[in-house]
Amino acid sequence: ETGVTQSPTHLIKTRGQQVTLRCSSQSGHNTVSWYQQALGQGPQFIFQYYREEENGRGNFPPRFSGLQFPNYSSELNVNALELDDSALYLCASSPGTSYEQYFGPGTRLTVT
Amino acid sequence: DQQVKQNSPSLSVQEGRISILNCDYTNSMFDYFLWYKKYPAEGPTFLISISSIKDKNEDGRFTVFLNKSAKHLSLHIVPSQPGDSAVYFCAATRGGADGLTFGKGTHLIIQP
């Protein structure tokens, strides 16, 4: 059974640029959630996708957007990058409406 | 406004003894609680969970206790082992598409 994978591992971008992060969910999991973890903080919920639709969102601005594909993989897009967007971005998957989410290793984004 | 609080940034315990990690929450709508363990450069790993209709859940060396009236939960690890050294996050959710709300984590150090 393959776990959650994310790419790339690390990324450096300049303020104002756009970035796309990718996630493959664990086999059999059709729900994908994205989290942002700043240094010294716990992960913060960005949004959740189920059956290719965004069905839940945390307190993040519209420049954070996403997609889910028919194979349940997902993308997180961030436009107009700001310095404060520098963080570890975590993807988590879960089967259906299960509360338990399983995380990937994350993508470390640095904005300069 | 932190809805999930882990007030101890770090905890040091001797190998073989009991480790007790604490978590408080403010939102009475939370009805499912989870503990995750995180090693550096890895994503959080799911450990154990508890529904609000229970007050205890056990899985091997890990036991989670929930006190709804005090809005408090704790994770007991016994006996503590060197591999338990990691950051532990408490998380809570109302379910559905709400995502997980995390505390800031407690760094557990197991001393030989």
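Predicted model: local features only at pLDDT ≥ 70, side-chain atom pairs only at ≥ 80, totals over all residues.
**Entry 1: where the chains meet**

I began with the interface. I looked up who touches whom, and found 22 residues of chain B in contact with 20 residues of chain A. The size of an interface is often given as the accessible area lost when the parts come together. Here chain B and chain A bury about 1,600 Å² between them, and 61% of that is on carbon and sulfur atoms.

Next I asked myself which elements give two or more residues to the side of chain B that touches chain A. I got β4 (32-38), β5 (45-51) and β9 (86-93) of chain B. The largest share comes from β4(B), with 4 residues. Sorting the residues on that side of chain B by type, I noted 9 nonpolar, 7 polar and 6 charged.

Then I checked the polar side of things. How many salt bridges are there between chain B and chain A? The count is 0. I did find 4 residue pairs in polar contact between chain B and chain A, counting pairs with both residues at pLDDT 80 or more.

**Entry 2: the disulfides**

A reminder to myself: a disulfide is a covalent bond between the sulfur atoms of two cysteines. The count over all chains comes to 2.

In chain A, the pair is C23(A) and C91(A), with their sulfur atoms 1.8 Å apart. Why is this disulfide called left-handed? The torsion about the S-S bond is about -60 degrees, so C23(A) and C91(A) get that label. I also traced where the two ends sit: C23(A) is in strand β3 (residues 19-24) and C91(A) is in strand β9 (residues 87-94) of chain A. C23(A) has a relative accessible area of 3% and C91(A) one of 0%.

In chain B, C23(B) and C90(B) form a disulfide with sulfur atoms 2.0 Å apart. The link is left-handed too, with -70 degrees about the S-S bond. C23(B) lies in strand β3 (residues 19-25) and C90(B) in strand β9 of chain B, so the pair ties together parts that are 67 residues apart in sequence. Buried or exposed, I wondered, for C23(B) and C90(B)? Both are buried.

**Entry 3: a serine in a loop**

I stopped at S80(B), which sits in the loop between β8 (72-77) and β9 of chain B. I looked up its accessibility and got 2%, so S80(B) counts as buried. Which backbone oxygen does its side chain reach at 2.8 Å? That one belongs to R17(B). The side chain of S80(B) also reaches the backbone oxygen of I77(B), at 3.5 Å. Leaving out residues up to four places away in sequence, S80(B) touches several others, among them V13(B), R61(B) and I110(B).

**Entry 4: a glutamine in chain A**

Q18(A) is in the loop between β2 (10-13) and β3 of chain A. With 37% relative accessibility, Q18(A) is partly exposed. Its side chain makes a polar contact of 3.0 Å with the side chain of T20(A). Beyond its neighbours within four places in sequence, Q18(A) is in contact with K13(A), N77(A), V78(A), N79(A) and L81(A). I also looked up Q18(A) against E100(A): they are 82 residues apart in sequence, and 31 Å apart in space from C-alpha to C-alpha.

Background first: most residues other than glycine have a negative phi, and most peptide bonds are trans. I went looking for exceptions.

Where did I find cis peptide bonds? One joins S7(A) and P8(A), with omega about -5 degrees; P8(A) lies in the loop between β1 (5-7) and β2 of chain A. Another runs from V78(B) to P79(B), with omega near -10 degrees. P79(B) is in the loop between β8 and β9 of chain B, and I had already placed S80(B) in that loop.

For positive phi, I noted R51(A) at about 50 degrees, although it is not a glycine. R51(A) sits in the loop between β5 (44-50) and β6 (53-57) of chain A and is exposed, with a relative accessible area of 61%. In chain B, A41(B) has a phi near 65 degrees. A41(B) is in the loop between β4 and β5 of chain B, and at 75% relative accessibility it is exposed.

Key:
Residues numbered from 1 in each chain as written. Chains lettered and ligands numbered in written order. Heavy atoms only, no water. Contact = heavy atoms within 4.5 Å. Buried area = accessible area lost by both parts, 1.4 Å probe. Salt bridge = Lys/Arg side-chain N within 4 Å of Asp/Glu carboxyl O. Polar contact = N/O pair within 3.5 Å; in protein donor to acceptor, adjacent residues only side chain to side chain. Nonpolar A, V, L, I, M, F, W, Y, C, P; charged D, E, K, R; others polar. Disulfide = S-S within 2.5 Å. Buried < 20%, exposed > 50% of the residue type's maximum accessible area, 1.4 Å probe, protein only.
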